[in-house]
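Dear colleague,

Please find below the sequence and structure that I am handing over to you. My notes on what was found follow directly after.

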Amino acid sequence: MQFYKISSSDFEKKFLDLDCDKAGAKIMAAKSDIHHIYISNMYVGAANILKQDALSIGADLAVPTGVIIAKEKYVDAVLIGTTKHFEILSRKELAQPFGLKDLAKELKSYTQKAKKDIQIMGVVNANDDSFFKDSRFYGKEAIKKIVQMKNDGADIIDLGGVSSRPGSDKVDPKVELERVKPIIDAIYEEKLYENLEFSIDSYEPLVVEYALSHGFNITNDITGLADKEVAKITAKYDAKVVIMHMQGSPQDMQNDPKYENVMLEVDEFFKERIAVAKDAGIKDENIILDVGIGFGKTLEHNLTLLNNMDSFLHFGYEILLGASRKSMIDKIVASEVTERLPGTLAIHLEGINKGATIIRCHDVKEHHQAIKVQQAIKNI
């Protein structure tokens, strides 16, 4: 008899290789995936009930000492279980008091996996102060670069006319439009949008409106729809929107950013801005989330978000990840912007493992190869 450990991503395939019933394979796969859900500010009575209910089905709830005697009125806890356990608890807790009914309604959503194919979003900047000079292109050179990116494997091109690097200056919307307009016009005239998606990296209504009226179909808003007019314009053109989290503004976001709990605060931000998007008429299938790596975050905040990014899949939307050549890499291994491709690939490949389905990057060809190899490993 011989044996070896199977990776969690390989469970369902192995069940099918054994010629198991397909429905049975899905049931067994649900028993294989382990999840850990952090629960904040839970009433101690709810913690004791959930602890017992979890134990009764083979799951568990990690709680502080003293919970059994209600030492503290409200506590934090970690729920541990498989997809199957969470399915059971999502029904079981519906009859329980102290807010457990609300937990039950949300529980299954935290077992969601990314279902869409991975898309690569190539970056083209039309300004002189973007942090990576090799992403700056103008006029015909920009069109040439876009065509090259498409041939290299890009699915989306993200065009921006303003730098959002830490400490960058705010730019007048008219100046921003002047920078991107010639490229937008060329894309429109050559009908490049027929074979490629285009995203406008802007939060200015003037710029967003012009781009969406000229073949673009994604608004990439680093302010996460702080201006509701951007949401209305996006809905008007039935376009997609990237809702990104940022603490502060590019001018001050890296001035000692602080969070009590970065995961909970980003999650709450998404809830609020998704509501803004929906109120404006943006469709569910057109909403994309971006945790905003490097936008008002320390290295620890960035690593926490990356390591737990699949938590945000509970909203049911695609996740975009953009950490291309960012300074967090330099904080781990000292490196210039031009030397950060290996670190970028490491972050983005792990991000895909954590649920990201859109990767925003400067180096399309290298990402295309890395992602294809990763997919081959997973799909043998």
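**Ser202 and helix H8**

Ser202 lies in the loop between E6 and H8, where helices (H or I, at least four residues) and strands (E, at least two) are DSSP runs numbered from the N terminus. Please note that this is a predicted model, in which local features need pLDDT of at least 70, side-chain atom pairs count only at pLDDT 80 or more, and totals for chains, interfaces and linings use all residues. Residues are numbered from 1 along each chain as its sequence is written, and side-chain values use heavy atoms, with hydrogens and water left out.

With a relative accessibility of 2%, Ser202 counts as buried; that term means under 20% relative accessible area, while exposed means over 50% and partly exposed lies in between (1.4 Å probe, protein chains only). Apart from neighbours within four places in sequence, Ser202 is in contact (heavy atoms within 4.5 Å) with Glu176, Val207, Val208, Thr219, Asn220 and Asp221. Its C-alpha atom is 17 Å from that of Cys361, a residue 159 positions away in sequence.

Two of these contact partners, Val207 and Val208, are also among the buried residues of H8, together with Pro205, Tyr210, Ala211 and Leu212. Helix H8 covers residues 205–212, and six of its eight residues are buried, so that description "mostly covered" applies. The buried residues of H8 pack against helix H7 (173–189), strand E6 (197–201), strand E7 (218–221) and helix H9 (228–236).

**Helix H5 and Leu107**

Which residues of helix H5 (residues 100–107) are buried? They are Leu100, Leu103, Ala104 and Leu107. These residues lie on the same side of H5, because they cover an arc of only 105° around the axis, the arc being that of the directions from the helix axis to the C-beta atoms. As a general point, an α-helix has 3.6 residues a turn, so residues three or four places apart point the same way. On the other side of H5, Asp102 and Lys105 are exposed. The cover over the buried residues of H5 includes strand E1 (34–43), helix H3 (44–56), strand E3 (74–82) and helix H4 (83–92).

Leu107, in helix H5, has a relative accessibility of 1% and counts as buried. Leaving out neighbours within four places in sequence, Leu107 is in contact with Leu79, Phe86, Leu89 and Ser90. For Leu107 and Leu89, 18 residues apart along the chain, the C-alpha separation is 7.8 Å.

Ala114 sits in the loop between H5 and strand E4 (119–125). With 37% relative accessibility, Ala114 counts as partly exposed. Not counting residues up to four places away in sequence, Ala114 touches Leu313, Gly355 and Thr357.

Val123 belongs to strand E4 and is buried, at 2% relative accessibility. Val123 and Asp363 are 240 residues apart along the chain, and their C-alpha atoms are separated by 8.4 Å.

**Positive phi angles**

Most residues other than glycine have a negative phi. Leu225, which is not a glycine, has a positive phi of about 65°. Leu225 is in the loop between E7 and H9 and is buried, with a relative accessible area of 1%. Asp238, also not a glycine, has a positive phi of about 50°. Asp238 is in the loop between H9 and strand E8 (240–244) and is partly exposed, at 42% relative accessible area.

**The protein as a whole**

The secondary structure comes to 14 helices and 11 strands. The C-alpha trace spans about 65 × 55 × 45 Å along its principal axes. For 380 residues, a compact globule would have a radius of gyration near 21 Å, and the 23 Å of the protein agrees with this; the radius is taken over C-alpha atoms, and the globule rule is 2.2 Å times the number of residues to the power 0.38. Buried residues make up 50% of the 380 residues. Of the contacts between residues at least 6 apart in sequence, 67% join residues at least 24 apart.

Yours sincerely
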